[in-house]
Structure formats: C-alpha cells, structure tokens
Amino acid sequence: MLNNQFNQNSSILNRLRSVMVAIALFIVLCFFALFFSSQGLYKNLQALNQDNNLLNYSSQALESLNSTELRLPDVINRTNITELRYRFTENMKVSEKLISNAMEQTSQTDEVHQILLKINEALSHFRSSSDLTFNRLSGMELSKSTKEVDEINADLMASRQYLLDAKELLRKVQIVIQQRNDKIFNTIYKNRFKPLLVAVFLSTLFFTFVLTFGLSLSRKIGRSISNLLEATDKVANGNLDYQARVLHFDEIGRLTDAFNKMITSLKTGQDELSLAIERTNGLQNITAAFSEALTPEQVFDVVFEKAYKTLKALYGAVVMVSEDGNSLEIRRTIGLDQSIIDKWKTFPINSDLPVAECVRYAKPIFIKNSDMDVKKYKDLEKTDFNKKNEQIHVYLPLTIGSEVLGALTLTFKRAEDFDTPEKEFMLALARQCSQAIHRSELYDDARKAIEARDEFLSIASHELRTPLTPLKLQLQGLERHIMRGTLSDLPAEKVVKIIQTSDRQINRLSTLIDDLLDVSRITTGKLSLNKETFSVSEMINEVVIQYSQQLKTSQSNLHVTILEDSQGNWDKVRIEQVIINLLTNAAKYAPNKPIHITVGKTKGHVQIKVRDEGPGIAPEDQERIFKRFERVNSKNNVGGLGLGLYISKQIVEAHKGSITVSSTLGEGSTFTVDLPQEFH
Amino acid sequence: MNQDQTSPYVLLIDDDVDISDAIKSILSDEGHEVVCAHNGLEGLSYLRSRQQKPSLILLDIMMPKMNGYEFRAEQLKDDSINKIPTVVFSAAGRFDEEDAFQFTATVKKPLDLQRLIDLVKMHLG
C-alpha cells in the first residue's frame, strides 16, 4: 500500500526538478519582459539618432544652399560664366544629395519626408530658373545693358525665391525634428526607470516565489525530519515498539517507512536475541543446578523444577534404561496422571513407542499428534496419545558416549514445529542432563564405595583389635607374674590355657588377614583355582572333622545328609573355604541350634545346602548379604568383616556355579551352593 | 557369676570369653573381685537383681543382644544403678556420642593393662 503511494513519483526530488524548470522558464520570461520593456527605449534612441542625422543633413544642405545663392554682381561681372555655372551645379548636386540622403532616412509617412519632398520641388524649381539665368547670361556680352541687368536681376530674384522657400522648408524640417527630439527626450526621460521597475518587480516576484516554495518545502521536510528524529530518539531510548508516522509520501516518508521496517526487524532481532539470551541463562541456571545435584534423584528434581519450566512443557517424564537393559522405567514425571504413571512404570525397551525408539537408536524424535508418523507406533494406541490435539511430543535421548542412559520426554501444547535454535536448546539440555545423571551415578558409586570402605576400615580395625586385646592381656598378665616373681607359682594348666588362648587369637588374626587377601585377589582379578577331582562327600566329612572343635564352642549339632555322592573337579581348598564359611555363619547367627548339610545332584550339577534354624534373613537383606562388607544388620553385634559370603560367592562364581539363599524370618536360612561338576 | 557379693567388686560386661577370662584372671591376681556378664541384657538383669551393686562397671560396646550403648542408655534411666561408675572399652576406635552417655572413662582396645588396673584401684580403693 505504502509502496504504491511511494511509486507515484511525487517525491521531493521530482518537485525540486519541476521547480527548477519553473524557475528557468521564469528567467526566460523575465528576459523577454526586460527585452520588450527596453525595446521602446531602443526605438526612441534609434529615432533620435536618425533625427540627428537628419538635422546634420539639413544644416549641411542649408550651408551648401547658401553658397549656391547667385548674387547679381557676381553674375554680371563675371567673365567666366562656365566656371560659375560648374560651381553652382556642383553645389546643387551636394545639396540635392544631402536632401535625398535625408529622404532616405525618413519613411514616406513621416512629416519630415513630406517637407523634404517640397524642398526637392523648390530646389528643382530653383535649379531650372537658375539654368534659365545661366542660359541667358551665356547669350549676352560681357558688358551688359541696364535692361539686361534688370532682366537678370528679375531672374535672380525669382530663383532666389525658390531658394528661400527651400531654406525656409529646411528650417521647418529642423524645427520639426527639434520638436520631435524634445518629445522623444521627454518620453525617454519619463520612462527612464521603467526597466528597473520591471526588473525589481520581477525579482521580487521571483524571490517571493522561491521563498514561499522553499519555506513550505523546508517546513515540510523539517517536520518530516523532526518526526523521524523523534522516532529515532524514542528508539534510541529503547522503545522499539514505536513506529514513526509517515507524514508525506516523499523521500523522507520512504526513509521513515524504511526506518520503521528497520526498527521492526531490529525488534524481531532483539526479541530473538533476548530469547536466545534467556535460553542461555536458562541453560546456565540448569547447568549450575545440575552441578549441585549429587544423586540421580536430585538431577531429576532439577530437570523438572528448572528445565521443564524453562521450556514451558505441559508434561514430561524421565525414562531410564533398567539395569538389565531390557526395559525402560519411568523414574520421574511431571504433569502426568497417576494412572498413566502406574500403567507405564516399566515397559519393554523394544515397545513400539517413540520413546523406546528414541532410546534404541539414541536419536531425538519430534512428533506432532497430527503427524502421520504417529500411526507407525503400534503401542501408542494403548497410551492417551491420540486424545489431545495440537501437541508436540519430544523425545530426547540421554547418552554418555555410545551408552544410552534413558530419555527425556516432553509434551508441548503448540501446533507449529520447533525451529532449529529451540531444538538445539533442548538437545543441549538433554546433554547436560545426561552428564549430570552420569556424574551423579559416578558420585553415588564413589560415595557408596567410600562409605563401604570407611565402614570396612572401621570393622577391620575392630576385628583386628579384638583378637589382639586378649593376646596382649595374656602377655601383660605373664609379664606381671615375672615382675613379681610369681611365675613359678602358676599352675601348669593355667599356663597351657594362656598359650591356647593366645594361639586362638593368632589364628583369628591369620584368618582375617587371609580373608582380606582373598578380597584383594578377587577385586584385582587374581583369584586362581587349582582344580583337582575329588569326592564331594569326602570333602564334606573332612570339613566336619576340621570344624568340629569350633562347632563344640557354639554347641551346634551338625547333621550331614548325602543324597547322592558325586565327583567334583574344583579347587578343593576354595570349596572347603566356602562350606566352612557357611558353617561359621550358621554357628554364629544360630548358636545352640542344629545345622544341616545336604549334598545332592541334578543334571551334572552338585548342590550343597547348609541350613540353620536361626533367626532368618529378611527378604530385603537377602541380596545384600553377598556384597562386600555387608552383614545382616550391621548394627547387630555379631563380629566379623562381612566378607565371608562375598568371598564365597566369588569363589562359587569362579567355578561357574551359583550361591543362593532362601529364608523365612524366625525359621532359619538355607544357603544353596550349586556347582557344575566340570567347568572350563 | 558369683551368687552373693559382699565385698566391693567389678562388673565386667564383654561377649568375648577370651577377653573377659584374661581380665578376670589379671584383676583377681590383683585382689579384686570380678563378676562377668556376656552382653548388656545379662549385665542389666544382674545389676537389677542384686542388692550389692558393683563399685565399677567395665563395659564393652560391640555385643550381641544388647550392645554397650543400649546398656548404658538403660542404666542411665534406672535411678538405682545410674550412679555406678562405668568405664567403656571398645575396639571400634570411636566412641559414638560419648558425651551423651556420660562414661566415667573410656579405654581403647587393645587394653593398656596398667591403666585398667589403675582405674579399678581408684574405684574399688
């Protein structure tokens, strides 16, 4: 609309151009006006000049006429008439020439011209009468008679009359010209300021015109410019919403329009920039918050409290790959109905769902409800996906290197696709989130490892000190007897008891150290097996004999049942260690209760079960007890490093077997060692 | 456990038979009466069942059934026995919330025999 108006060529430049043309025309007009106004003056001056010539001619003619006058004495006494006549004729010629010159200077309508004609006429009369006189004279003798003289005198008188007429007429010419000149002078004098006046008038008109036009134009331009300046000031002060008014459709109007467009695009740019800054700040905040999140749960808190709010998502979830890698678990949600959360708590990783695809291929997925793509996910029908319209679902993989940890899902209420910066922002967010989760997991592992180590060190120092205490006490007791000199008073059995106690403590210490060495071997992968083939029942019997002394102290009865004997190709010492471990535990946790050992066999596997009738192990503890430094109820006051079951499990697994526990609280526990007879 | 104590005696509460035997033997050599209990619960019931209270309690921390802390908490609640000086010894290397339990003294395992004898002498005279 505006452009059309601008294209109508009614611009300042065009207007200025037309003004220039007008001024040029005006100047030409002025020139002509001045020319014509001065034309009269010129004519007058010309006439004056002409009249001056006429006056010259006439006065010359008068002079020559005076000299042509024939006086009687000259004529009568003259001897040479011919010469006289010649001179007369020459003079007449001059006079006539002058008169004809004057005639040429005048137009036929001129009054002077008529007079000159009459002069000519008089002169021709004068000439013909003078010719008569000269003819008469030539026929006469030099000595003339009175009569002859009188006749000649009469002739001369007659011809003089003509001459006098001609002279009179010449004077009249002079008078007429004189009068006319006076008149012309008067006119010139009267009109001497006229061209000046015209010039002044015209220049006044010109300046008025220029001033008026210039003023109006400059005022117009000035107003437009100040309008634009005002807009510039407003914009400079940060008001990008201000749009300058287009006052005229000229260059400045166009400039204003361009300015407005520029500001609009500036504003758009600024909006985009501030959005980008907002996002960067958001991401920074999120990153800062992530860096403070120590556990995966805290990371999820950040995801929901900061990230989802920054993105203005409707709802979303954090979905993590399960430990076995076969399923996805919803770990955190926001804005989702509890029914959906319950229904989708875990689902197979190969589900035909966009989130599963996102995790499987570690690729971000952006889909709209309205997309045809939605239909290719068969399992989506089971969700509430299709119920809501105008939504975009975003699935962002959480990856560390090539490992996919899980995915962030976000749902937005919007119809249009995300632009590249928005997608980039979300991907950056997902990256930050993955790193934070990864870090928190590492942190968690490290924290647990440190806690376990601290716990272990505390237990280990306690367990190492416990046998040292009686050992030291025995030695100090002996020392006191020596100092007092009462050593020889000690009965032999007491000395033996001291030695036996000390020996037991030293065995305890060496067992502890063996356990620690085993753990060290297992953790560094240096647990080596020396395989040999032996009978399981014989091995059990050896253990029972070896262990009988210890069993006596705990007053446990050991019942061995061999359902089917078999050969095992194992590391005998290590398997014995496992069985002793299980027996020690049973004796420790279920003192004064019978212990049952059962040996059986199925499909090339040997099962050794150790059952006690102790307090049992709570289901939640059953997995934990096989881990390092774990004991049932560590607050409980049963000593030990908590390494026995861990070492046993490692030994059994090194034999490609398994160790499991089944237990009912209050009824006892059964540990089952399942070993393949042969393994490689 | 001696049935009737009339002279001043020490109550030793420790689950480790080797330790309690050794301590008892040494303190007996020094001329002090020692009564042994094998856990907190046993110690508590002994204290409550006796007219003649011990002059000193030697208490281990890590014990089955009732540990040293639990015993001490119960003891402090009972006006009849909370005045008995109680020395704690443990191999744990730390005495949790020591102040709250108002132990008379703490002895770290392995025990310094001289310090133990001095403590007993101080309280039994």
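This is a predicted model: local features need pLDDT of at least 70, side-chain atom pairs count only at pLDDT 80 or more; totals for chains, interfaces and linings use all residues.
Two strands count as paired when DSSP finds at least two bridges between them. Strand E1 (residues 315-321) of chain A pairs with E6(A) in the antiparallel sense, over six bridges. Within that pairing, Gly316(A) has Leu410(A) as its bridge partner in E6(A).

Look for Tyr395(A), which sits opposite Thr409(A) in E6(A). The hairpin of E5(A) and E6(A) has two residues between its strands, and there Gly401(A) takes a positive phi near 60°.

## The five-stranded sheet

Further along chain A there's an open sheet of five strands, with mixed pairing and the order E8-E10-E11-E13-E12. Its edge strands are E8 (558-562) and E12 (658-664) of chain A, each of which pairs on one side only. From one strand to the next, the twist averages 15°.

Inside this sheet, strand E10 (residues 595-602) of chain A and strand E11 (residues 605-611) of chain A run antiparallel and are joined by seven bridges. One of the pairs to pick out is Thr602(A) with His605(A), its bridge partner in E11(A).

## Two lysines with positive phi

The loop between E10 and E11 of chain A holds Lys603(A). Its phi is near 45°, which is a positive value in a residue other than glycine. Is Lys603(A) buried or exposed? The cut-off for exposed is over 50% relative accessible area, and Lys603(A), at 83% relative accessibility, therefore counts as exposed.

Lys656(A) turns up in the loop between helix H16 (644-654) and E12 of chain A. Here too phi is positive in a residue other than glycine, with a value near 60°. At 54% relative accessibility, Lys656(A) counts as exposed.

## The nonpolar core around Ile608

In soluble globular proteins, nonpolar side chains tend to be buried together. In this model, the largest nonpolar core has 41 residues, and Met539(A) and Ile608(A) have the most contacts inside it. Which helix gives the most to this core? That's helix H15 (residues 572-589) of chain A, with seven residues.

What does Ile608(A) touch, once neighbours within four places in sequence are set aside? Ile608(A) is in contact with Val536(A), Met539(A), Ile540(A), Ile579(A), Ile597(A), Thr598(A), Val599(A), Phe671(A), Thr672(A) and Val673(A).

## Helices of chain A

Now for a helix pair. Helix H7 (residues 194-236) of chain A packs against helix H8 (residues 251-292) of chain A at an angle of about 10°, and their axes are 10 Å apart. That angle makes H7(A) roughly parallel to H8(A). On the H7(A) side, the contact is made by Ile221(A), Ser224(A), Ile225(A), Asn227(A), Leu228(A), Ala231(A), Thr232(A) and Val235(A). H8(A) brings Ile252(A), Leu255(A), Thr256(A), Phe259(A) and Ile263(A). Sort the contact of H7(A) with H8(A) by class and you get nine nonpolar, four polar and no charged residues.

Another spot to check is Arg15(A), in helix H2 (residues 12-68) of chain A. At 29% relative accessibility, Arg15(A) counts as partly exposed. Arg15(A) and Leu217(A) are 202 residues apart along the chain, yet their C-alpha atoms are separated by 9.4 Å.

## Chain B

Chain B has five helices and five strands. How do its elements run from the N terminus on? The pattern is β-α-β-α-β-α-β-α-β-α. Chain B has 125 residues, 54% of which count as buried. Take the contacts in chain B between residues at least 6 apart in sequence, and 69% of them join residues at least 24 apart.

For a local example, go to Ile61(B), in the loop between strand E3 (56-60) and helix H3 (68-77) of chain B. At 4% relative accessibility, Ile61(B) counts as buried. Ile61(B) and Asp14(B) are 47 residues apart along the chain, with 8.0 Å between their C-alpha atoms.

Note on methods. Residues are numbered from 1 along each chain as its sequence is written. Chains are lettered from A and ligands numbered from 1 in the order in which they are written. Side-chain values use heavy atoms; hydrogens and water are left out. Helices (H or I, at least four residues) and strands (E, at least two) are DSSP runs, numbered from the N terminus. Axes are lines fitted to C-alpha atoms, for helices over the stretch in contact, and angles run from 0 to 180 degrees between N-to-C directions. A nonpolar core is a set of buried Ala, Val, Leu, Ile, Met, Phe, Trp, Tyr and Cys residues joined through side-chain atoms within 4.5 Å. Buried means under 20% relative accessible area, exposed over 50%, partly exposed in between (1.4 Å probe, protein chains only). Contact means heavy atoms within 4.5 Å. Angles under 35 degrees count as roughly parallel, over 145 as roughly antiparallel, 65 to 115 as roughly perpendicular and the rest as oblique. Ala, Val, Leu, Ile, Met, Phe, Trp, Tyr, Cys and Pro count as nonpolar, Asp, Glu, Lys and Arg as charged, and the others, Gly among them, as polar.
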